[in-house]
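Hello,

Here is the model I promised to pass on to you. Have a look at it first, and then read on for my notes.

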Amino acid sequence: MTICTNGTNRSGCSRWFQNNIDFTVILLVASIIVIMPLPSSSLLSFGRRTRYIVPLDCNSLVGCSRKIMHEGGRMFPDLATARHNIFAGRVQLATILSSSSSSSSETQTNARGELLSDGDEAERYIKRYAIKATGTGVFTESKTDTGHVLQTDVPKKMGGGDKAPQPVEHLLSALIGCTQATAVFVGRSMRRRVLIERMEFDLSAQRDERGALSQPIHEIPLLPSKIQKISGKVQVFLKGGQRLSPEEVLLLSEQTEARCPVANMVIASGCEMDITWEDGLSS
């Protein structure tokens, strides 16, 4: 696909806009709202995950539109279905989603626009999970296809029997388990091989109950019922009493979050992740 820049001829520009009509409309709409300044800390996010971010060095939506076109054209070969949402008034420029399709017949690209493989080849790398469950009242019992049993319940004040963890407690546990397993892999793959002996987690989550309890029941709640924030601390202890440098802690935490599927799902939901990582021997 031809990218339309200052040095591209008219026919090339025409082909680019034809192939990216949705994105072109977005740019035109953004360009109209010239008077809305953006803070210098605004971020433009690329890819299906918000991990891939590019600082915006523009102070108006006109300048930002040009930035989007340049960076988007450089990083992605197909932005025809890109969505550009302007929300929170004058505060933030939202994420642009890549148009990588889940269809097995289309090619897949990463956040840098590099070709990964066709759908048939990618199928080899798909990992699947399966659970069968039964619910009685607010209590559930689930059996995984790997032979494990999980139970959930809610406190008595919420109409449950308090016989098992709450679903959100399972979510936190899933995040911890996924983080632990991913961090061990990341550590072993680092340039200085990092062998983790154990990790200690102290996490908490919060949500606004009105998102789930608001009435009348036939109307969609004005407040989202999602988990709003997960915060806490992770301490990493290495084998043999070795220490992690600040740079290694940063690399370990960033790459673990980027590669953990549960963390990716939580972040994609819009939940704020405020988790501090540190070397266990430093405290």
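Let me begin with a pair of strands: β8 and strand β9 (residues 149–152) pair in the antiparallel sense, with four bridges between them. Please keep in mind that this is a predicted model.

Strand β7 (residues 131–136) runs antiparallel to strand β8 (residues 139–144), and six bridges join them. Here T140 turns up again, as the bridge partner of G135. β7 and β8 also form a hairpin, this one with two residues between the strands. Its turn holds G137, with a positive phi of about 65 degrees.

Put together, this gives an open sheet of three strands in the order β7-β8-β9, paired antiparallel. β7 and β9 are the edge strands, each with a single partner, so one side of each has no neighbour in the sheet. On average, neighbouring strands of this sheet are turned by 15 degrees against each other, direction ignored.

Now to the cysteines. How many disulfides does the model have? The count comes to one disulfide. C178 and C260 form it, with their sulfur atoms 2.4 Å apart. C178 lies in helix α5 (residues 167–189) and C260 in the loop between α7 (246–259) and α8, so the bond ties together parts that are 82 residues apart in sequence. Are these two cysteines buried or exposed? Both C178 and C260 are buried. Another cysteine to look at is C271: its relative accessibility is 6%, so C271 counts as buried too, the cut-off for buried being under 20%.

The side chain of N264 reaches the backbone oxygen of C260 at 2.9 Å. N264 itself sits in helix α8 (residues 261–268). With a relative accessibility of 13%, N264 falls under the 20% cut-off and therefore counts as buried.

Happy browsing, and do write back with any questions.

Best wishes

Technical notes:
Residues are numbered from 1 along each chain as its sequence is written. This is a predicted model: local features need pLDDT of at least 70, side-chain atom pairs count only at pLDDT 80 or more; totals for chains, interfaces and linings use all residues. Side-chain values use heavy atoms; hydrogens and water are left out. Buried means under 20% relative accessible area, exposed over 50%, partly exposed in between (1.4 Å probe, protein chains only). A polar contact is a pair of N or O atoms within 3.5 Å; within protein, one must be able to donate a hydrogen and the other to accept it, and residues adjacent in sequence count only if both atoms are side-chain atoms. Two strands pair if DSSP finds at least two bridges between them. Axes are lines fitted to C-alpha atoms, for helices over the stretch in contact, and angles run from 0 to 180 degrees between N-to-C directions. A disulfide is a pair of cysteine sulfur atoms within 2.5 Å.
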